[in-house]
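Let's take a walk through this model together. Have the viewer open and follow along.

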Amino acid sequence: MPETITERGSRSGAEAASGPRTDPGAAGPAPPQEAAFEAKIAADERIEPRDWMPDAYRATLVRQIAQHAHSEIIGMQPEANWLTRAPSLRRKAILLAKVQDEAGHGLYLYSAAETLGTGRDELLDKLHAGRQKYSSIFNYPTLTWADVGAIGWLVDGAAIINQVPLCRCSYGPYARAMVRICKEESFHQRQGYELLHTLAHGTPEQHAMAQDAVDRWWWPSLMMFGPPDDESAHSAQSMAWKIKRHSNDELRQRFVDICVPQAEILGLTLPDPDLKWNEERGQHDFGAIDWAEFKEVLRGNGPCNDQRLDRKRRAHEDGAWVREAAAAYAAKRALGAAGPGEAAA
Ligand code: FAQ
């Protein structure tokens, strides 16, 4: 359990108003602690769990961190689908390590959410009830072995672009968790790229399999960055609070610009006839994203939404005995620690 956070960002005790409110949803005069909070944000200092923070800042972090944690855990499923069918012992060992890393990322992130006073059980209950989101990308199927490569190259690649700036997030525990996560994501991206490179330079059938995987994962990867800026409900406030450092469209553009030369080296084509270098902008233009598809996936109607959540719920139920055993063991140890002569084994 996290330590109790005694001083919540409640506005009920607000007395002294000083300066404009930075929390647009907040009513009434600013509480005295708000100025200190804003000064820290302005000075690029970290907000830590015991610091006062506005309720909306806390809620935004819990929402984003929970969605992020759930994505890491649900994101284990598409690749785990290929663990028993990896083409060699080496590939299997690499994939096992990667899938286990994703589980670790989920755990760091649930811990970061706990520092905000929200327990892991509560977040998991919300996920299982369909009341919290996870990334749209994990609702697509992994049809061939090449999909493991495409996920590493594109999905982990997109995750890195999105998450490196989160290492500078204003909330300390989230920012610190992201440092290690990003290092591991870099290895994941490299393994996907190397896998795809091997296939793309193999037999014509292997090349075709790699191309097919890239054709299917390219557009959903662009959707990972979230809705366009003019439809992004949270971006403006999250950027003002320095939770997000860049807008969804900025990061999406950065991803496209990085992928184009990498695709050339792979010898694969990105499935977008409108993709071309724009000399004036110094960036690539790219085609229209199918936002109707994105919205459908978010509504639960993607190709694998039901399967992913069913499997997650089942795994949670199947693991109940582990949680019970761990709790019983912890209670036994606590009892042992409480009095002499009690066995702690
Ligand atoms: N999928 O106002 P915005 C990974 C929702 S980890 C589903 O722009 P925001 C590692 C958004 O929640 C991948 N929902 O929101 C890995 C909001 O809904 P709400 C996950 C999405 O928060 C690799 C609404 O749309 N990464 O891949 C998506 O400012 C391989 C409005 O959107 C993170 O979570 C989406 N793609 O910006 C694991 C990174 N996009 O809450 C295994 C941290 C948006 O109002 C294998 N998160 N929504 O109901 C972020 O950076 C941000 O939360 C964004 C969205 C950029 C995702």
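This is a predicted model: local features need pLDDT of at least 70, side-chain atom pairs count only at pLDDT 80 or more; totals for chains, interfaces and linings use all residues.

Residues are numbered from 1 along each chain as its sequence is written, and side-chain values use heavy atoms, with hydrogens and water left out.

Let's begin with the inside. A nonpolar core here is a set of buried Ala, Val, Leu, Ile, Met, Phe, Trp, Tyr and Cys residues joined through side-chain atoms within 4.5 Å. Buried means under 20% relative accessible area, exposed means over 50%, and partly exposed is what falls in between, using a 1.4 Å probe and protein chains only. The largest such core has 50 residues, and Trp145, Trp153, Trp217, Trp218, Phe255 and Leu270 have the most contacts inside it. At least two of its residues come from each of H4 (89-114), H6 (146-163), H7 (172-200), H8 (204-223), H10 (248-266) and H11 (291-301). Those labels are DSSP runs numbered from the N terminus, where helices are H or I with at least four residues and strands are E with at least two. H6 gives the most to this core, with nine residues. As background, nonpolar side chains in soluble globular proteins tend to be buried together.

Now zoom in on Trp217. Leaving out residues up to four places away in sequence, Trp217 touches Ile137, Tyr140, Pro141, Thr142, Asp147, Ala150, Ile151, Leu154 and Val155. Contact here means heavy atoms within 4.5 Å.

That brings us to H6 and H8. Their axes come within 9 Å and cross at roughly 30°; axes are lines fitted to C-alpha atoms, for helices over the stretch in contact, and angles run from 0 to 180 degrees between N-to-C directions. The two helices are therefore roughly parallel to each other, given that angles under 35 degrees count as roughly parallel, over 145 as roughly antiparallel, 65 to 115 as roughly perpendicular and the rest as oblique. H6 passes H8 in a right-handed crossing. A crossing is right-handed if the near helix is turned clockwise from the far one by less than a right angle, and left-handed if anticlockwise. On the H6 side you'll find Ala146, Asp147, Ala150, Ile151, Trp153, Leu154, Val155 and Ala158, and they meet Met209, Ala210, Ala213, Val214, Arg216, Trp217, Trp218 and Ser221 in H8. Sorted by class, this contact has 13 nonpolar, one polar and two charged residues. For the classes, Ala, Val, Leu, Ile, Met, Phe, Trp, Tyr, Cys and Pro count as nonpolar, Asp, Glu, Lys and Arg as charged, and the others, Gly among them, as polar.

Next, look at H12 (residues 305-318), which takes part in two pairings. With H13 (residues 320-338), the axes come within 4 Å and cross at roughly 40°, so H12 and H13 are oblique to each other. Here His316, Glu317 and Asp318 in H12 meet Ala320, Trp321 and Arg323 in H13, a contact with two nonpolar, one polar and three charged residues. With H5 (residues 120-128), H12 packs at an angle of about 140°, the axes being 10 Å apart. That makes H5 oblique to H12, and their crossing is left-handed. Leu124, Leu127 and His128 in H5 meet Leu309, Lys312, Arg313 and His316 in H12.

Two glutamines are worth a stop. Gln191 is found in H7 and counts as buried at 8% relative accessibility. Beyond four places in sequence, Gln191 touches Ile94, Lys98, Val148 and Gly152. Gln253 sits in H10 and is also buried, with a relative accessible area of 9%.

Finally, the loops. Asp44, between H1 (33-42) and H2 (55-74), has a positive phi of about 60° although it is not a glycine; Asp44 is partly exposed, with a relative accessible area of 48%. Lys242, in the loop between H9 and H10, likewise has a positive phi of about 60° without being a glycine.
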